[in-house]
Amino acid sequence: MTYNKFELILIDSGKVFTIRDLAVIWGYTELSKVQDLVVYYINKSKLFRLKNGLYSTVPSPNNYLIAQKALTPSYISFYSALKYHGMVFQWYDTVFSASL
């Protein structure tokens, strides 16, 4: 079965992508071609720009997914990890991420 470029994104399990992620999924080595495709899909409202270089297939993805992709390598940590596992009872919307 042949898939178009956008369908290849949907097959991938993630909903938040960097330009480099999309280049790997689409099989391009030249980032300028990927950027042209990203602009095309943004104009078609199939991709959403979260910040420069970070895109999503949904308008407002999970904050944990954004935090993980915003800075790599990193991991969800501190209060956010405790909140996710139900070990704290105060609610804050900030997601904390640690990087090496």
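In β3, Leu54 is the bridge partner of Lys51. This is a predicted model. Lys51 itself lies in strand β2. Across the fold, Lys51 and Ile66 are separated by 15 residues in sequence, and their C-alpha atoms lie 9.8 Å apart.

**The sheet**

β2 and β3 (residues 54-56) run antiparallel and are joined by 3 bridges. They belong to an open sheet of 3 strands, ordered β1-β3-β2, with antiparallel pairing. Which strands stand at the edges? They are β1 (16-18) and β2 (48-51). Each has a single partner strand, so one side of each has no neighbour in the sheet. On average, neighbouring strands are turned by 35° against each other, direction ignored.

Helix α4 (residues 63-70) packs on this sheet. The helix touches β1, β2 and β3. Its direction makes about 15° with that of β1.

**The α2/α3 pair**

For α2 (residues 19-26) and α3 (residues 31-43), the angle is about 100° and the axes are 10 Å apart. An angle from 65 to 115 degrees counts as roughly perpendicular, and α2 and α3 are therefore roughly perpendicular to each other.

From α2, the contact is made by Ile19, Arg20, Leu22, Ala23 and Trp26. From α3, Leu31, Val34, Gln35, Leu37, Val38 and Tyr41 take part. By class, the contact residues divide into 9 nonpolar, 1 polar and 1 charged.

Where do the buried residues of α2 sit around its axis? The buried residues in question are Ile19, Leu22, Ala23 and Trp26. They cover an arc of only 105° around the axis, which puts them on the same side of α2. On the other side, Arg20 and Val24 are exposed. Just after the helix, Gly27 takes a positive phi of about 80°.

| Elements | Angle |
|---|---|
| α2 and α3 | about 100° |
| α4 and β1 | about 15° |

Note on methods: Residues numbered from 1 in each chain as written. Predicted model: local features only at pLDDT ≥ 70, side-chain atom pairs only at ≥ 80, totals over all residues. Heavy atoms only, no water. Axes fitted to C-alpha atoms, helices over the stretch in contact; angles between N-to-C directions. Helix = DSSP H or I, 4+ residues; strand = E, 2+ residues; numbered from the N terminus. Parallel < 35°, antiparallel > 145°, perpendicular 65-115°, else oblique. Contact = heavy atoms within 4.5 Å. Nonpolar A, V, L, I, M, F, W, Y, C, P; charged D, E, K, R; others polar. Pairing = 2+ DSSP bridges. Buried < 20%, exposed > 50% of the residue type's maximum accessible area, 1.4 Å probe, protein only. Arc of directions from axis to C-beta.
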